[in-house]
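Hi everyone, thanks for making time this morning.

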Protein chains: 2
Amino acid sequence: MARVTSASSSDPAPEPRARPIGVFDSGVGGLTVLHELLVQLPCEDFVYLGDTARFPYGERTPEELAGFASQIVEELLRRRAKLLVVACNSATAAALPILERRMMETTLGVDVLGVVRPEALQAVAATRTGRIGLLATPTTVASRSYERAVSAVDPHVTLTAVACPTLASIIQAGQQFDERAVDTVREVCVPLLEAGVDTVILGCTHYPLISPMLQRMLGPSVTLISSGGALARQVEHALSTRGLRNPREQGEGDYRFLCTGDTEAFRELGTRFLQMPLGTVEHVDLEQVGAPA
Amino acid sequence: MARVTSASSSDPAPEPRARPIGVFDSGVGGLTVLHELLVQLPCEDFVYLGDTARFPYGERTPEELAGFASQIVEELLRRRAKLLVVACNSATAAALPILERRMMETTLGVDVLGVVRPEALQAVAATRTGRIGLLATPTTVASRSYERAVSAVDPHVTLTAVACPTLASIIQAGQQFDERAVDTVREVCVPLLEAGVDTVILGCTHYPLISPMLQRMLGPSVTLISSGGALARQVEHALSTRGLRNPREQGEGDYRFLCTGDTEAFRELGTRFLQMPLGTVEHVDLEQVGAPA
């Protein structure tokens, strides 16, 4: 078994409502999702795991991703997560069905939510013309997961999907305001403007950092749907219906970070994505999870 | 007369609708206002003047501020501004009445809008309980300008004003996520939480940079009103009723920057406030305006 580094895991089990929500991603992108969760659900505690040592997930096989996701879920359950959020589009597409099946097989009663369905739901609810746009990485576009999710809600909606090969890396490198970035953003907007969409799904957790530019280029009447905003509602709904909302009456909850790579790099990059103080970042070694002691 | 450095001013006068909107502030804070204008009014051109050489305005006398504002307006009219926006709370409080009077005396037909009234209007429209909060600098709170503006719209609304002496400088120094900043933000929220406000006016253009933290501490049901969002609607309304909306049919307008201090410092600090690419920053010497050639 992995060395248990969390203090909380050796404490007696807290009552289910007081447990944290577990959020994970391949890196720092999911912090834009956590950002929304922290703003919309201030009373909850959160534990975020960034698998930065194995970042990026984009080129991994579905089998690899499913394996990574299982290790991460193991770690978050060890931290007594009451709900799991997959804040990563690649991991959601590759591993969510496996994780859902696994959670259903256990008697833990812990649900797992991904980023795709909540956005599809909110986009369909927002559109007035039935023409929705999608900006995402080539892998996510190729997976057709948003297309399926949108069709499942409303088969009459048309989805114009634009693959953006360089956008996430431009944003992660902190170059989102240079000329090349602006040209890239302008370029990905062209097919959306031509299709006359009135709602655009930001299908990558990095994209909220360029949403002002997107909003300006697409025009003020276009609704942008981000993973974080859509997920926050879904998480709130899931907690409420299961009677799992934190009973804290005042003050904000706690949030902490685990990462598999360099903690200082995570902190430095992470603050820009979280847009809030980052606090403690703890290193965690997932490769050892499930290995003999 | 001042040396004319703008190319446009030697061109033949463009038709009124195609002229830029002039926006000014003592420094970079007003860029959060420009940010909203760029997103909400993408077809318009803008010229922004930051009077960074004389920053901050907080300690200046009303006479000094009125003098500065007149020089700035002179420069922006020289740049053929079709509408003027005072994106600074101190300058609005001190100089708006003088500027309004001056504009009424001219035959230019150029209107001037400040930040206080639009926010008061929007806050009164947003509140359900009639309890509004205000976060602002001590000078702005002492001026009671928000109190008057709110009362003018609805005398039955109560305003809980909290003076924040250090918040703007913490944000400007880029320290908005350190422990001291978090403690400061938490502290200013206490009287607002005690008063049970459901709407909070961000009465300083720097505060939108900490709005996620504020939203989390105040809770998701509290509506935050920022200068930029409130002003954008007012500007749109002013342009529409005067038939002055830019007739541009596609693509975004142009925006450019003038500053009285160091242009590189303006660019570096400015990008964080604008959250968009900054482009050209031109140095302008206002002290010469109106002086003999």
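Let's begin with the largest cavity, which is lined by B:L134, B:T140, B:V141, B:R144, B:S145, B:Y146, B:E147, B:L159 and B:A161. Before I go on, a word on the ground rules: this is a predicted model, where local features need pLDDT of at least 70, side-chain atom pairs count only at pLDDT 80 or more, and totals for chains, interfaces and linings use all residues. Residues are numbered from 1 along each chain as its sequence is written, chains are lettered from A and ligands numbered from 1 in the order in which they are written, and side-chain values use heavy atoms, with hydrogens and water left out.

By cavity I mean a set of points, on a 1 Å grid over the protein atoms alone, where a 1.4 Å probe fits but cannot get out; a pocket is an open set with protein on both sides within 12 Å along at least five of seven lines, and lining residues have an atom within 4 Å of a point. Grid points are joined across faces, edges and corners, and a volume is the space filled by probe spheres set on the points.

How many cavities of 30 Å³ or more are there? The count is 1, and the largest cavity holds about 30 Å³ of space. In chain B, α5 (138-143), α6 and β6 (158-163) each give two or more residues to its lining, with the largest share, 3 residues, coming from α6(B). Helices (H or I, at least four residues) and strands (E, at least two) are DSSP runs, numbered from the N terminus. The lining of this cavity has 5 nonpolar, 2 polar and 2 charged residues. Here Ala, Val, Leu, Ile, Met, Phe, Trp, Tyr, Cys and Pro count as nonpolar, Asp, Glu, Lys and Arg as charged, and the others, Gly among them, as polar.

Now the second largest pocket, with about 600 Å³ of space. Of its 26 lining residues, B:L96, B:E100, B:V112, B:G114 and B:R117 are the closest to the centre. α3(B) supplies the largest share of that lining, 7 residues, and by class the lining splits into 14 nonpolar, 7 polar and 5 charged.

On to helix packing. The axes of α4(B) and α6(B) come within 9 Å and cross at roughly 50°; axes are lines fitted to C-alpha atoms, for helices over the stretch in contact, and angles run from 0 to 180 degrees between N-to-C directions. That makes α4(B) oblique to α6(B), since angles under 35 degrees count as roughly parallel, over 145 as roughly antiparallel, 65 to 115 as roughly perpendicular and the rest as oblique.

What about α1(B), residues 31-40, and α10(B)? Their axes come within 8 Å and cross at roughly 45°, so this pair is oblique too.

Lastly, some backbone details. Which peptide bond in chain A is cis, with omega about -5°? The one joining A:F55 and A:P56, and A:P56 is found in the loop between β2 (46-50) and α2 (62-78) of chain A. In chain B, the bond from B:F55 to B:P56 is cis, with omega near -5°. A:R144, in the loop between α5 (138-143) and α6 (145-153) of chain A, has phi near 55°, a positive value in a residue other than glycine.
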